[in-house]
Amino acid sequence: MKKSSIALIFLVFTAFALQAQRNVDRTNFRAGVNGGLVIGDFSEAYSFGLGVDAYHHWGVSKLLDVGITAGFFNAFGSKESISVNGLVAETEFANVQYIPVGASLRVYPGKNVGFKFGGDIGYAVGINEGNEGALYYRPSIGIDLRGGISELNISYFAVNDEATFSSVLLGYLFLF
């Protein structure tokens, strides 16, 4: 069910993107890096994460872009020590890795404003052992820098399975 819903969302965004070629020529490719803190259910087992992102966006209107996205995200496991009655037990958590693939939407609230907000939704493929992946979503806020050739953004990355793996990320993208 999840995969068919994701496929439907992807097809709708693709249809908008193809239609967009007649409306606005704001087509671009974006690639960059992100990093941040793991929060929520997994914050004690994982300290921080690093990732890379790639996007291709099409302008649907002056206020809206749609696109596709893929990337890689690695959360670094931390080492925990527990001391009980003089006995110390140490455990180290293995890194968690995802390849998020999905649809992307960005809204530009004003004309000639470098500020944008939006989000991504799709499936995060788990690539480490025991990680099957799940539905992911990533709302974000960004601002264009250097005359629109780069972007600084902040986002909330969440993979929603039985427990939610989430992280707050700061990212830097180059626009081509």
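## F73 and the nonpolar core

In this predicted model, F73 touches N34, G49, L50, G51, V96, Q97, Y98, F157, F165, S167 and L169, leaving aside residues up to four places away in sequence; contact means heavy atoms within 4.5 Å. F73 is also among the residues with the most contacts inside the largest nonpolar core, together with Y46, A75, Y98, F157, V159 and F165. This core has 14 residues. A nonpolar core is a set of buried Ala, Val, Leu, Ile, Met, Phe, Trp, Tyr and Cys residues joined through side-chain atoms within 4.5 Å. At least two core residues come from each of β3 (64-77), β6 (96-107), β8, β9 (150-160) and β10 (164-175). Strands are DSSP runs of E with at least two residues, numbered from the N terminus.

## G133 in the β7–β8 loop

The loop between β7 (115-126) and β8 (134-145) contains G133. G133 is buried, with a relative accessible area of 10%; buried means under 20% relative accessible area (1.4 Å probe, protein chains only).

Beyond four places in sequence, G133 touches Y98, Y123, A124, V125, G126 and D161. The C-alpha atoms of G133 and I99 are separated by 8.7 Å, and these residues lie 34 residues apart along the chain.

## S150 in β9

S150 is located in strand β9 and is buried, at 0% relative accessibility. Its contacts, not counting residues up to four places away in sequence, are I143, D144, L145, Y172, L173, F174 and L175. The side chains of S150 and Y172 make a polar contact (2.9 Å), a term for a pair of N or O atoms within 3.5 Å, where within protein one must be able to donate a hydrogen and the other to accept it, and residues adjacent in sequence count only if both atoms are side-chain atoms.

## Basis of the values

Residues are numbered from 1 along each chain as its sequence is written, and side-chain values use heavy atoms, with hydrogens and water left out. In this predicted model, local features need pLDDT of at least 70 and side-chain atom pairs count only at pLDDT 80 or more, whereas totals for chains, interfaces and linings use all residues.

Note on methods
Helix = DSSP H or I, 4+ residues; strand = E, 2+ residues; numbered from the N terminus. Buried < 20%, exposed > 50% of the residue type's maximum accessible area, 1.4 Å probe, protein only.
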